[in-house]
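The structure comes first, and the details follow.

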Amino acid sequence: MVQLDSVNVMARSHYLPFFSRLGPYDRASLDRWLWRSGELFEYLVHEASLAPIDRRPALVHRMAAVHPWRSVRELAEKHPGFVEQVLDEVRAKGPLTVGDLAGGAGRTGPWWGWGPGKRSLEWLFAKGVLSIADRPNFTKLYDLTERVIPPDVLGRDPLSEREGRKLLLRDAARHHGVGVVADLADYHRIKVSDARPLLVELAASGDIEEVEVDGWPAPVYADPDLAVPRTVDGAVLLSPFDPVVWFRDRAERLFGFRYRIEIYVPAPKRVHGYYVLPFLLDGRLVGRVDLKSDRARGRLLVQGAFAEQGVDRRRVAAALDEVLMEVAAWQGLGAIEVRRRGDLAPLLSP
């Protein structure tokens with residue numbers, strides 16, 4: 001699963017997990033696959049996310065359970081029939097963006113203030129009536145679900161809430177390898193209280209295994225096909241929304257790495273920076289780097305670089321130098337500019 005986020009300081013968040021795992025690639029090709037291949041679909045899975053299309057029947061129960069938001073109820077009271085008019089417009093003209101609506105589009109504020117058109121589209125999307133057909137320049141194109149989701153998928157019987165959650169928890173165990181209840185529940189944003197008895201059932205049936213991990217609270221579950229490598233090699237930067245670190249409790253338990261994204265923290269109160277990427281080196285989180293792509297000047301800005309306690313800073317800096325050069329080339333930036341903030345920054349190549 002790939003989490004989506006609108007922040008574009010260094011690169012859109014969903015581009016980074018692929019770069020971390022594959023190295024440089026063509027982003028236009030990825031966009032075509034993500035939204036136009038029919039192999040994935042967008043929904044509120046782990047926040048706004050892309051997930052394999054064959055998992056949609058496991059999430060239909062979530063769409064059916066979405067209750068009217070207060071803002072939608074208020075809209076229906078003030079403007080009866082407005083949501084239905086938006087749906088009719090999509091049916092007649094779709095796929096379309098919120099800006100394409102005949103009326104009611106736009107925000108009511110600079111951040112999360114949705115206008116009535118946006119509220120209507122997002123409500124219909126949450127209910128599964130509309131789906132995201134594409135995202136040119138990350139702008140959502142809404143269309144009727146039956147025109148977006150392949151007929152063979154849409155025609156499948158949806159799984160019950162219980163069976164759907166069990167399938168998603170089995171997936172979470174496979175993707176994590178090993179995790180506590182909260183880890184596995186968080187992956188698809190299932191309540192821990194709902195996940196706990198289902199994980200017991202999955203362990204009893206052999207779909208997952210209950211194991212012990214020193215220092216972790218029981219119960220702990222593992223993928224039965226888990227293979228533990230003798231060594232872990234590689235140097236990569238991780239998006240703040242990468243599955244390796246998106247559940248902060250797990251990141252701290254696995255790596256001793258306390259991570260908080262500081263986008264919404266006032267600048268004077270930030271500890272590490274605005275858009276900080278954890279640096280993973282040979283299986284350890286060894287540093288954090290505040291990066292920005294200055295596209296106007298063609299530079300990758302290293303606004304801060306910090307080493308974790310107990311690491312060989314020179315070795316970390318040497319590995320990070322190579323990764324930063326690769327990132328800059330992938331982003332089409334001709335130079336790297338290092339600002340001397342953080343104990344790792346002075347060791348980086350200027």
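## Helix 9 against helix 11

The axes of helix 9 and helix 11 (residues 192-205) come within 10 Å and cross at roughly 75 degrees. Helices (H or I, at least four residues) and strands (E, at least two) are DSSP runs, numbered from the N terminus. Axes are lines fitted to C-alpha atoms, for helices over the stretch in contact; angles run from 0 to 180 degrees between N-to-C directions. Helix 9 and helix 11 are therefore roughly perpendicular to each other (65 to 115 degrees; under 35 is roughly parallel, over 145 roughly antiparallel, the rest oblique).

In helix 9, the contact residues are Arg162, Arg165, Lys166, Leu169 and Arg170. Helix 11 answers with Asp194, Ala195, Leu198, Leu199, Glu201 and Leu202. Contact means heavy atoms within 4.5 Å. By class, this contact has 5 nonpolar, no polar and 6 charged residues. Ala, Val, Leu, Ile, Met, Phe, Trp, Tyr, Cys and Pro count as nonpolar, Asp, Glu, Lys and Arg as charged, and the others, Gly among them, as polar.

## Basis of the model

This is a predicted model: local features need pLDDT of at least 70, side-chain atom pairs count only at pLDDT 80 or more, and totals for chains, interfaces and linings use all residues. Residues are numbered from 1 along each chain as its sequence is written, and side-chain values use heavy atoms, with hydrogens and water left out.

## Helix 4 against helix 6

Helix 4 (residues 70-78) packs on helix 6 (residues 116-126) at an angle of about 120 degrees, with the axes 10 Å apart. That makes helix 4 oblique to helix 6. The crossing is left-handed (the near helix is turned anticlockwise from the far one by less than a right angle; clockwise is right-handed).

Ser71, Val72 and Leu75 of helix 4 meet Pro116, Arg119, Ser120 and Trp123 of helix 6. The classes here are 4 nonpolar, 2 polar and 1 charged.

## Largest pocket

The largest pocket has a volume of about 1300 Å³. On a 1 Å grid over the protein atoms alone, a pocket is an open set of points with protein on both sides within 12 Å along at least five of seven lines; a cavity is a set where a 1.4 Å probe fits but cannot get out; lining residues have an atom within 4 Å of a point. Points are joined across faces, edges and corners, and a volume is the space filled by probe spheres set on them.

The pocket lining counts 44 residues, with Arg21, His175, His176, Pro243 and Val244 nearest the centre. Elements giving two or more residues to this lining include helix 1 (16-22), helix 9 (161-176) and helix 12 (248-255). The lining divides into 29 nonpolar, 7 polar and 8 charged residues.

## Cavity

The whole structure holds 1 cavity of 30 Å³ or more. About 30 Å³ of space lies in the largest cavity. Its lining is Phe41, Glu42, Tyr43, Arg56, Met63, Phe125, Gly128, Leu130, Ser131 and Ile149. Strand 2 gives the largest share, 3 residues. By class, the cavity lining has 6 nonpolar, 2 polar and 2 charged residues.

## Backbone details

Gly94 to Pro95 is a cis peptide bond, with omega near 5 degrees. Pro95 sits in the loop between helix 5 (82-93) and helix 6. Ala218 to Pro219 is cis, with omega near 0 degrees. Pro219 falls in the loop between strand 7 (209-211) and strand 8 (220-222).

Glu47 is not a glycine, yet has a positive phi of about 55 degrees. Glu47 lies in strand 3.
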